[in-house]
Amino acid sequence: MADAMKLYGTVLSAYVSRAKIALNIKGIKYENLEEDLSNKSADLLKYNPVFKKVPVLLHNGKPISESLVIVEYIDDVWKGVPILPQDPYERAIARFLAKFIDEKCIPVIKAVGSNGDEKAIAEACEQLQILENQLKVKGTKFFGGDNIGLVDIAADFIAYWHAIREEAAGIKFFTEDKFPKLTKWADDFVNSEAVKNTLPPREQMLAFYLKFFGKANGGMHDACVVIEVEFSVTSIYRCCNKQLLYAYVFLYYVACESADVTGFLHFSTYEM
């Protein structure tokens with residue numbers, strides 16, 4: 001029986017793109033199902049009842065959740081070009097770096113707002129330097145060697161989304177002079193055959209980030225945000241600036257997979 005493959009996701013998500021890249025590397029055809037995260041489908045809630053988030057890969061009726069879990073599943077099931085190293089030690093290092101990217105690197109990059117906080121930028125650069133050093137040591141085109149691997153896929157946000165985010169914020173710290181290896185890697189990565197058709201349109205992503213930083217439609221003032229999360233937990237956050245407010249919205253609409261607390265967010269704002 002032929003494999004029946006469905007991918008539940010949203011076009012703006014770097015996490016969904018990870019799954020798409022892995023599928024492309026293996027040459028696997030799949031049905032792409034776009035989710036409205038403000039009104040999640042019954043299928044998404046059925047197939048990911050624990051976290052209720054994208055991406056979800058449905059393979060012959062069996063659901064797999066979490067982007068890097070999906071990537072490893074794809075690599076295990078379909079042979080051909082490997083995504084993870086074959087050597088056990090190198091495979092462990094790849095998993096470690098992917099975890100570092102998700103838990104250390106991406107969060108500090110997203111913490112940089114349009115106000116250009118020097119401490120936040122310095123911390124982001126510190127984490128990016130670790131990846132720069134990894135590429136220097138390896139001396140290869142990609143973290144995975146001559147071909148895209150797990151670490152490259154995990155870092156897709158850095159390669160594509162981050163540059164657009166910087167443009168919208170009016171801040172630039174991910175530069176060629178600071179990170180020559182990493183910026184070259186990013187260019188090679190986003191232009192590779194397996195990656196380029198998985199990325200959201202740049203104009204659409206830029207429009208989103210302009211709203212995120214309050215640079216479209218006049219922005220927003222300080223506000224009170226009421227966030228109703230899963231498990232009937234309600235938290236009220238009084239925002240000291242608009243970046244914090246937009247961070248919660250961004251967490252839901254784009255970066256929901258990496259959130260510790262995810263679910264539906266109902267937020268209302270008013271001038272203080």
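Visitor: Is tyrosine 160 buried or exposed?

Guide: Start with the cut-offs: buried means under 20% relative accessible area, exposed means over 50%, and partly exposed lies in between, using a 1.4 Å probe and protein chains only. Tyrosine 160 has a relative accessibility of 14%, so this residue counts as buried. Tryptophan 161 is buried as well, at 0%. Keep in mind that this is a predicted model, in which local features need pLDDT of at least 70 and side-chain atom pairs count only at pLDDT 80 or more, while totals for chains, interfaces and linings use all residues. Residues are numbered from 1 along each chain as its sequence is written, and side-chain values use heavy atoms, with hydrogens and water left out.

Visitor: How many aromatic pairs does the structure hold?

Guide: A pair of aromatic rings is described by the distance of the centres and the angle of the planes. Rings of Phe, Tyr and Trp (its six-membered ring) pair if their centres lie within 6.5 Å; planes under 30 degrees apart count as stacked, over 60 as edge-to-face, and the rest as tilted. The structure holds nine such pairs. One of them joins tyrosine 8 and tyrosine 47, a tilted pair with 5.9 Å centre to centre and 45° between the planes. The two partners come from distant parts of the chain, 39 residues apart: tyrosine 8 is in strand E1 (residues 5-9) and tyrosine 47 in helix H2 (residues 42-47). Both tyrosine 8 and tyrosine 47 are buried. The rings of tyrosine 160 and tryptophan 161 have centres 5.3 Å apart and planes at 85°, so that pair is edge-to-face. Elsewhere, ring pairs link Phe208, Tyr209, Phe212 and Phe213 into a cluster.

Visitor: You mentioned a strand and a helix. What sets their limits?

Guide: They are DSSP runs numbered from the N terminus: helices (H or I) have at least four residues, and strands (E) at least two.

Visitor: Which residue lies over the face of phenylalanine 51?

Guide: A charge sits over a ring if NZ of Lys or CZ of Arg is within 6 Å of the ring centre and within 35 degrees of the ring normal. Lysine 53 lies over the face of phenylalanine 51, at 4.5 Å from the ring centre. In a second case, the charged end of lysine 110 sits over the ring of phenylalanine 157, 4.9 Å from its centre.

Visitor: How many salt bridges are there?

Guide: A salt bridge here is a side-chain nitrogen of Lys or Arg within 4 Å of a carboxyl oxygen of Asp or Glu. The structure holds 10. Arginine 95 and glutamate 72 form one, at 2.8 Å from N to O. That pair links distant parts of the chain, with arginine 95 in helix H4 (residues 88-110) and glutamate 72 in helix H3 (residues 67-77), 23 residues apart. Arginine 95 is partly exposed at 39%.

Visitor: Where do glutamate 103 and lysine 99 lie?

Guide: An α-helix has 3.6 residues a turn, so residues three or four places apart point the same way. Glutamate 103 and lysine 99 both lie in helix H4, four residues apart, about one turn of the helix. Their side chains meet in a salt bridge of 2.7 Å, N to O. Lysine 99 counts as partly exposed, at 47% relative accessibility. Aspartate 188 and lysine 184 are also four residues apart, both in helix H8 (residues 180-190), and their closest N and O atoms are 2.8 Å apart. Aspartate 188 is buried, with a relative accessible area of 16%. Arg18, Asp102 and Asp156 are linked in a network of salt bridges.

Visitor: What about the nonpolar core: which residues have the most contacts inside it?

Guide: In soluble globular proteins, nonpolar side chains tend to be buried together. A nonpolar core is a set of buried Ala, Val, Leu, Ile, Met, Phe, Trp, Tyr and Cys residues joined through side-chain atoms within 4.5 Å. The largest one has 79 residues, and those with the most contacts inside it are Ile101, Leu128, Ile158, Leu182, Trp185, Phe189 and Tyr209. H4 gives the most to this core, with nine residues.

Visitor: How many disulfides does a search of the whole structure find?

Guide: Zero, taking a disulfide as a pair of cysteine sulfur atoms within 2.5 Å. Cysteine 105 is buried at 0%, and cysteine 125 is buried at 14%.
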